[in-house]
Amino acid sequence: GDSPTHLTRAVALDFIPWLARQRFRRGQQSPEQPLSMRSRQLYVRAVSGLYKQLALEGTIPLSYNDYATLNTEMGKATSFKPSPIEKRLPPDDAIQAIIEAARTPPANLSRDDLDEHHRLRLNLIWLRDQAIVLCLHSSGVRVGELAGLRRGDLDHTDRGAWVRGKGGRTRFVRFSSQAWSALVAYLETRHDESVGGTLADKPLVCRHDRGAGDHRRLPLSTLSIERIIGRLAKDAGILERFNLTPHSFRHYFATRFLRHTGDLALTQDALGHADPGTTRVYAKTTKAQHIEAHESLFDDDDRYK
């Protein structure tokens, strides 16, 4: 390969816009998309670390002081602040619209010419998608956590589930009565007892396409759940004004849960956050609260009229 002497300051800085131009697919059928800013930061930190080591060894034409300046420039070029939490919060009517879309039976489910086997598949998909939307809405569960749940993880006594989150941490999440009813209706219609293995080992949410077959229970992938939410959001006419994703439900749950309880530690536990700072973002005031306080302070003050 090329000599390390080719690793100049310009090469390091040119790496940043090159990264921004890269595209990847999350699946064979997925559209190409750019690397997230967090991924780009990770790559840039790795390159910066390489430059640091080579500068210390004296194998590149860059002193350590020059490297320190370069490192600061690279950090600034990839620094970003996430959008305010309010911008990531779906409005109430968007959440209600997608719930209604999930509850609406597919039009072809009532077709007279539909064979019974196909009708069963369509009905299972409909029941499953309702359960997915209502569980995401009422539990704050991550989409990957939902995809990884097994029937044995359910807590029938307290209407919830034990999920394995980031870092291998396990926590309890609770579902609303509507979500639990939808989940039970879906599982009862599946008749898992007719296939091999124990009920406890069966995935909570399964594939019901033709490729899944009738004598096995294959779990839905995280990507599949994301596509389901995207399709329902499109059916509900939400995507024209809000990019609703499974994670949008988590933001929605966190904000409402914290506002209702006023308990940051309880909300942190419900969300499975290791760092309380991650939860604290939901404690920030919203634009609506700002306007309400501002109007009360200034617009209603008789001294200025």
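Is Pro246 buried or exposed, going by its relative accessible area? Pro246 is buried, at 6% (buried means under 20% relative accessible area and exposed over 50%, with partly exposed in between, using a 1.4 Å probe and protein chains only). A quick note before the views: this is a predicted model, where local features need pLDDT of at least 70, side-chain atom pairs count only at pLDDT 80 or more, and totals for chains, interfaces and linings use all residues. Residues are numbered from 1 along each chain as its sequence is written, and side-chain values use heavy atoms, with hydrogens and water left out.

**View 1. Pro246 and its contacts.** You'll find Pro246 in helix H10, residues 246–261 (helices are DSSP runs of H or I with at least four residues, numbered from the N terminus). Setting aside residues up to four places away in sequence, Pro246 touches Leu136, Val143, Ile225, Glu226 and Ile229 (contact means heavy atoms within 4.5 Å). Between the C-alpha atoms of Pro246 and Thr222 there are 9.5 Å, while along the chain the two sit 24 residues apart.

**View 2. His208 in its loop.** His208 belongs to the loop between H8 and helix H9 (222–235). With 8% relative accessibility, His208 counts as buried too. Its side chain makes a polar contact of 2.9 Å with that of Tyr186 (a pair of N or O atoms within 3.5 Å, one able to donate a hydrogen and the other to accept it; residues adjacent in sequence count only if both atoms are side-chain atoms). Beyond neighbours within four places in sequence, His208 is in contact with residues including Arg121, Leu124 and Arg190.

Note on methods:
Helices (H or I, at least four residues) and strands (E, at least two) are DSSP runs, numbered from the N terminus.
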